[in-house]
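Open the model in your viewer and keep the selection tool ready. The tour goes stop by stop, saying what to select and what is there.

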Amino acid sequence: MSLISVTEALEALFALVRPTGEEIVPLLDASGRVLARPVAARRDQPPFPAAAMDGYALRDAELRPGATFRVIGESAAGHGYAGKVGPGEAARIFTGAPVPGGADHVVIQEDVARDGDTITILDSLGRGPNLRPAGADFRRGDELDIKRLGPSDIALLAAMNHAELPVARQPEVAILATGDELVPPGRDPGPDQIVASNSYGLFALCAALGARPRLLPIAEDDLDSLRFAFGMAEGADLLVTIGGASVGDHDLVAPAAEGMGLERSFWKVAMRPGKPLMAGRMGTMMMLGLPGNPVSAMVCGHVFLAPVLRAMQGLPAGPAPRRRARLAAPLAANGPREHYLRARTGPDGVTAFDKQDSSLLSVLSEADCLIVQPPDDPARPAGAEIEVIDL
Ligand SMILES: Nc1nc2c(c(=O)[nH]1)N[C@H]1C(S)=C(S)[C@@H](COP(=O)(O)OP(=O)(O)OC[C@H]3O[C@@H](n4cnc5c(N)ncnc54)[C@H](O)[C@@H]3O)O[C@H]1N2
Ligand code: MOO
């Protein structure tokens, strides 16, 4: 079977994605979620011209050092002054308060001498006008577009007067580690056993991407155990299997899944690590079969799973964001598979780690980015521009 490119694999994956649809959640539960559709402001902000400083509201045309004004009232935040400011008049005003009609300038109180109801403008007079026009932040009807909501967006949507928001339902991801050799962390592994790791890393990745991951019990390398585990995944939007994806006698994920109705879209991608990636649909679920090597699974998580989860939540279908960077050390020529090298950023650019074996999680943990080296790329000297995916 010929290997498809990473780009082809991503396109095939996006074709398998079904968006999760929307649900309404309270504003305080919306951080980290993806807005399901554009949301419009329900009001202008500020709804009135507002003082930006504590001081006196008056007419800009009358303002000069030495000028005097009679203080006729007070405008505080939440309690505006109903009257108008006429010639020679000023209103005491505080930050956030409505600027009374007639006034178009707020003099800060440090630039004023007050004596009873009279103020005199001092020579220190600054520029002003120290007020915020109505609608300076946003107008009723202005829209916040579909995006993953962060704390700043929550503040904005609160100001727009939304107590609830339409967000994409969180994709439910069933994560299945497979292999007789695996035990969960915290147990005593037998002499031939190791501790399952990438399933936990992928759980964390899914959670960070706004999904709802669920870890299934580790499946053994036999068809019955795998079928039982697939049954437990029922109801999930996405089943992610780990391991058993290669060509060995005990790599049974594909036969087990096909026995349960997997319509396979592809198997094997021209990338390193991550070659034995497979994907398809099993009934209502999408299925992504990741290679077992810990780093291969995590790299596939960043390169494939993350874009899939974004697309499921209604974000644009596209590859993991890349940025251009400079090599701080030379990079050896690549073979025929796109290479994702663990690398670290320093003052002179990025350096790939010497050790790139796909079992080395310690190197992945030390890395802050993956250098993406195209297939058959020649050797590159230090200083050359390359592309990286930030981790
Ligand atoms: N003859 C060939 N052998 C292999 C090929 C090949 O093309 N021809 N491909 C290699 C590549 S590339 C990879 S990647 C691996 C992937 O194999 P599997 O997906 O079948 O993974 P396993 O054999 O089940 O496991 C590989 C390795 O990873 C460990 N593992 C598995 N799951 C976990 C887990 N959840 N946590 C931690 N470690 C895990 C497992 O113990 C093995 O050491 O195949 C190559 N072989
Ligand atoms: O593709 Mo494997 O993932 O090279 O280690």
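Which residues does UniProt list for "domain: MoaB/Mog"? In this predicted model, select residues 174-311, the span that the unreviewed UniProt entry gives under that name. Its end C-alpha atoms lie 17 Å apart.

**The domains**

Next, colour the protein by its domain assignment. Domain 1 takes in 6-21 + 169-312, and domain 2 takes in 32-45 + 137-168. Domain 3 covers 50-132, and domain 4 covers 323-390.

Show domain 1 and domain 4 together. Their centres, taken over C-alpha atoms, are separated by 26 Å. At their contact, 15 residues of domain 1 meet 13 residues of domain 4. On the domain 1 side, β19 (271-272) and α6 (294-312) each supply at least two residues. The most comes from α6, with seven residues. By class, this side of domain 1 has nine nonpolar, four polar and two charged residues.

**Helix α1**

Now select residues 6-16, which form helix α1. Which of its residues are buried? They are V6, A9, L10 and L13. Look down the axis of α1: the buried residues line one face of the helix, because they fall within an arc of 100 degrees. An α-helix has 3.6 residues a turn, so residues three or four places apart point the same way. Turn to the other side of α1 and you find T7 and A15, both exposed.

**Helix α4**

Move to residues 223-232, helix α4. Here L226, A229 and F230 are buried. These residues are on the same side of α4, because they cover an arc of only 100 degrees around the axis. The face turned away from that buried side carries D224 and G231, which are exposed. Among the elements that cover the buried residues of α4 are β13 (172-177), β17 (238-242) and α5 (253-259).

**The two ligands**

Select ligand 1 and the 26 residues around it. Which of them come nearest? They are G243, A245, S246, P291 and G292. Both α3 (198-208) and α6 supply at least two residues each to this shell. The shell divides into 11 nonpolar, 12 polar and three charged residues.

Then select ligand 2. Around ligand 2 are R272, P273, G274, K275, P291, N293, S296 and S358. By class, this shell has two nonpolar, four polar and two charged residues.

**Residue A113**

For the last stop, select A113, in strand β8 (residues 112-115). Is A113 buried or exposed? A113 is exposed, because its count is 11 other C-beta atoms within 10 Å, and a residue with 12 or fewer is classed as exposed. Leaving out residues up to four places away in sequence, A113 touches I119, T120 and L122.

Terms used. Residues numbered from 1 in each chain as written. Chains lettered and ligands numbered in written order. Predicted model: local features only at pLDDT ≥ 70, side-chain atom pairs only at ≥ 80, totals over all residues. Near = placed C-beta within 6 Å. Nonpolar A, V, L, I, M, F, W, Y, C, P; charged D, E, K, R; others polar. Helix = DSSP H or I, 4+ residues; strand = E, 2+ residues; numbered from the N terminus. Buried ≥ 20, exposed ≤ 12 C-beta atoms within 10 Å, placed from the backbone. Contact = placed C-beta atoms within 7 Å. Domains from an automatic or database assignment. Arc of directions from axis to C-beta. UniProt positions renumbered as here; feature names shortened; annotations may be inferred.
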